[in-house]
Amino acid sequence: MAKRYNLLECSYVEAQEWFKETDVVLVPVGSCEKHGAHVPLGTDSFTTISVTERAAKLANVPYTPLLPFGYSPHHMGEVGEGCGTITLAAETFRRVLYDIARSLIYHGANKIIYVSHHGSNTKPIDELLRRIRYQTGAFVAWYKTPTERECEVVKGIIEGPPEETPGWHAGEMETSQVLAYDESLVDMSRAVRDTAHAPRWMGPEFSKIDGTATVKFRGSENIIVPMEHHEYCDTATIGNPFRGSKEKGLKLFEKEAEHLAAFINEVKKFPFQVRNRDFPERA
């Protein structure tokens with residue numbers, strides 16, 4: 001019988017064997033949010049699980065079912081505008097991820113690696129990661145798949161120049177990844193090439209080059225402003241989706257999985273041992 005890596009597909013006996021074999025578990029965290037009109041709401045989720053599945057097999061570790069919802073308040077927009085977006089409030093998001101980790105630690109995990117393609121999922125998590133480590137002694141990390149401004153791992157696969165922001169929202173990278181996941185989910189007749197801009201209510205003194213939480217002012221990008229996605233991107237696309245291809249998407253998945261697996265193999269060597277596995281507050 002083929003080995004099962006997704007704990008959702010394992011019997012409790014198979015799960016027991018996993019926790020005897022390794023103390024590392026992956027937790028994939030996605031999102032359900034507005035993207036460009038040509039790709040689905042689950043774009044970030046599909047990339048996350050595709051990379052996680054491949055990396056788990058390469059590194060021989062189990063992973064939990066994908067959490068398909070993340071922290072996406074900026075994609076809700078006005079009523080009906082971000083239709084289909086489902087966001088968890090930061091407190092809810094942290095609590096769900098905390099309970100997942102504590103459950104895994106209870107069963108024998110010493111090392112938890114959250115994996116996510118959605119950049120904004122990183123915004124609420126510092127307190128979460130520290131809380132888990134301080135309370136239990138477990139190693140905990142957040143692995144953000146290479147995207148947005150940090151694309152070094154996949155250098156040579158994406159082709160768009162910096163001004164096309166190839167790693168951003170529904171552009172070259174994400175279009176390629178959805179095509180690789182399931183090309184029937186992509187409708188290129190609805191695709192547009194677009195760029196980010198500072199919210200128009202800010203006026204001409206401000207500019208913006210991508211989807212980060214910052215704006216540029218007098219040549220400096222040191223100002224963080226809470227912005228709605230529709231305020232700095234008219235189409236929910238930042239980049240050039242017409243550069244996307246299934247072949248690129250498959251290469252991206254493989255390269256990202258290889259990088260994550262290499263990280264996991266180093267994590268296996270870390271001398272972390274949980275000092276508190278009990279989870280009395282589980283109810």
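User: Which residues does Ile86 touch, not counting residues up to four places away in sequence?
Analyst: This is a predicted model, in which local features need pLDDT of at least 70 and side-chain atom pairs count only at pLDDT 80 or more, while totals for chains, interfaces and linings use all residues. Residues are numbered from 1 along each chain as its sequence is written, and side-chain values use heavy atoms, with hydrogens and water left out. Contact means heavy atoms within 4.5 Å. With residues up to four places away in sequence left aside, Ile86 touches Cys32, Phe69 and Gly70.

User: Where does Ile86 lie?
Analyst: Helices (H or I, at least four residues) and strands (E, at least two) are DSSP runs, numbered from the N terminus. On that numbering, Ile86 belongs to the loop between H2 and helix H3 (90–107).

User: Is Ile86 buried, exposed or partly exposed?
Analyst: Buried means under 20% relative accessible area, exposed over 50%, and partly exposed in between, with a 1.4 Å probe and protein chains only. The relative accessibility of Ile86 is 37%, so Ile86 counts as partly exposed.

User: How many residues of H5 are buried?
Analyst: The buried residues of H5 include Glu172, Met173 and Leu179, and what covers the buried residues includes H2 and H7. Helix H5 is largely enclosed by the rest of the structure because its buried residues number nine of the 11.

User: How many degrees lie between the planes of Phe46 and Tyr181?
Analyst: A search of the whole structure finds nine aromatic pairs. Rings of Phe, Tyr and Trp (its six-membered ring) pair if their centres lie within 6.5 Å; planes under 30 degrees apart count as stacked, over 60 as edge-to-face and the rest as tilted. Phe46 and Tyr181 form a stacked pair, with 4.3 Å centre to centre and a plane angle of 10 degrees.

User: How many residues apart in sequence are the parts that the pair of Phe46 and Tyr181 ties together?
Analyst: Tyr181 is partly exposed, with a relative accessible area of 37%. Phe46 lies in helix H2 (residues 43–59) and Tyr181 in helix H5 (residues 172–182), so the parts tied together are separated in sequence by 135 residues.

User: What is the class of the pair formed by Tyr5 and Trp18?
Analyst: Both Tyr5 and Trp18 are buried. Their ring centres are 5.4 Å apart and their planes stand at 50 degrees, so the class is tilted.

User: Over which ring does the charged end of Arg131 sit?
Analyst: A charge sits over a ring if NZ of Lys or CZ of Arg is within 6 Å of the ring centre and within 35 degrees of the ring normal. At 3.8 Å from the centre, the charged end of Arg131 sits over the ring of Tyr98.

User: Which are the edge strands of the open sheet?
Analyst: Two strands pair if DSSP finds at least two bridges between them. Three strands form the open sheet in the order S1-S2-S3, with parallel pairing. Pairing on one side only marks the edge strands, strand S1 (24–28) and strand S3 (139–144).

User: At about what angle does helix H7 run to S3?
Analyst: Axes are lines fitted to C-alpha atoms, for helices over the stretch in contact, and angles run from 0 to 180 degrees between N-to-C directions. Helix H7 (residues 246–267) lies across S1, S2 and S3, and its angle to S3 is about 170 degrees.
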